[in-house]
Amino acid sequence: KIIFFMKNQYINIYNNLVNLTRNKNLYKNFNNTDEFQDRLTYFLFHLAFFLKVFKEKNDKKILQDIYDYCFRQLELSIREIGYGDQTVNKKMKDYINLFYAILDKLENWEAESHLNKIENIAIFLNEGADKTYLIDYFENYRQNLLNITLNSYLKGVINH
């Protein structure tokens, strides 16, 4: 029973992160090229900010479980696309490396200038991405995370 409950909590977080990634404004300058890689990158940005904000005041075990769950869901998604084991393993390694590169660039987000933030996120984004919009978007997202409890996210009680 407890394991099922915990999985439900992580489903809420994963689904919330996926829903945030579907925000059409994130893709508004992409010239109709909304690809899996772009969605994945935005998902990883949302997850990175999520873990960064909550790591200070929450149980690291729960955050590790959330991280593990999200990457397990990503793996299942690429398997559903039809990739074989070898390709899945390579892609997962690439995604994990991408995630850690994003985390590294977000490490001092609060202290960075607007220009540095643009330079830091531009490395990962589609050329058409509106970087100024994204800086404001992710700063608002970070502020929202700071104003909500992890427990609210676990229960799925959030407003976007």
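Read along the sequence, the chain runs α-α-α-α-α-α-α. That pattern comes to 7 helices and 0 strands. The model is predicted, and the mean pLDDT of the chain is 86. Of the 160 residues in the chain, 41% are buried.

**Confidence**

- A pLDDT of 70 or more is reached by 89% of the residues.
- Residues 1-6 fall below 50 in pLDDT.
- Beyond near neighbours in sequence, residues 1-6 have 0 contacts in the model.
- Where pLDDT is low, the predicted coordinates should not be read in detail.

**Contacts across the chain**

- Take the contacts with a separation of 6 or more: 69% of them link residues 24 or more positions apart.

**Helix 2 and its contact with helix 3**

- Helix 2 covers residues 36-54, and helix 3 covers residues 60-81.
- Helix 2 has 19 residues. From its first C-alpha to its last, helix 2 reaches 27 Å, close to the 27 Å expected at 1.5 Å a residue.
- Helix 2 is mostly covered, with 16 of its 19 residues buried.
- The axes of helix 2 and helix 3 come within 11 Å and cross at roughly 170°. Helix 2 is therefore roughly antiparallel to helix 3, because angles over 145 degrees count as roughly antiparallel.
- On the helix 2 side, the contact is made by Phe36, Leu40, Phe43, Leu44, Leu47, Phe50, Leu51 and Phe54.
- Helix 3 contributes Leu63, Ile66, Tyr67, Cys70, Phe71, Leu74, Ile78 and Ile81.
- The residues of this contact divide into 16 nonpolar, no polar and no charged.

**Glutamine 9, in helix 1**

- Glutamine 9 sits in helix 1, which covers residues 2-21.
- Its relative accessible area is 8%, so glutamine 9 is buried; the cut-off for buried is under 20%.
- Glutamine 9 and leucine 154 are 145 residues apart along the chain, yet their C-alpha atoms are separated by 4.6 Å.

**Glutamate 35, between helix 1 and helix 2**

- Glutamate 35 lies in the loop between helix 1 and helix 2.
- At 47% relative accessibility, glutamate 35 counts as partly exposed.
- Asparagine 126 is 91 residues away from glutamate 35 along the chain, with 9.8 Å between their C-alpha atoms.

**Tryptophan 109, between helix 4 and helix 5**

- Tryptophan 109 is placed in the loop between helix 4 (85-106) and helix 5 (114-122).
- Tryptophan 109 is buried, because its relative accessible area is 0%.
- Leaving aside neighbours within four places in sequence, tryptophan 109 is in contact with Phe49, Lys52, Lys117, Ile121, Ile135, Phe138, Glu139 and Arg142.
- One of these partners is glutamate 139.

**Leucine 134, in helix 6**

- Leucine 134 belongs to helix 6, residues 131-146.
- With a relative accessible area of 0%, leucine 134 is buried.
- Leucine 134 touches Leu26, Tyr42, Ile121, Leu125 and Ala129, not counting residues up to four places away in sequence.
- Ile121 is among the contacts of leucine 134, and tryptophan 109 is in contact with Ile121 too.
- Leucine 134 and asparagine 25 are 109 residues apart in sequence and 9.1 Å apart in space, C-alpha to C-alpha.

Terms used: Residues numbered from 1 in each chain as written. Predicted model: local features only at pLDDT ≥ 70, side-chain atom pairs only at ≥ 80, totals over all residues. Heavy atoms only, no water. Axes fitted to C-alpha atoms, helices over the stretch in contact; angles between N-to-C directions. Helix = DSSP H or I, 4+ residues; strand = E, 2+ residues; numbered from the N terminus. Parallel < 35°, antiparallel > 145°, perpendicular 65-115°, else oblique. Contact = heavy atoms within 4.5 Å. Nonpolar A, V, L, I, M, F, W, Y, C, P; charged D, E, K, R; others polar. Expected span 1.5 Å × (residues − 1). Buried < 20%, exposed > 50% of the residue type's maximum accessible area, 1.4 Å probe, protein only. pLDDT = per-residue confidence, 0-100.
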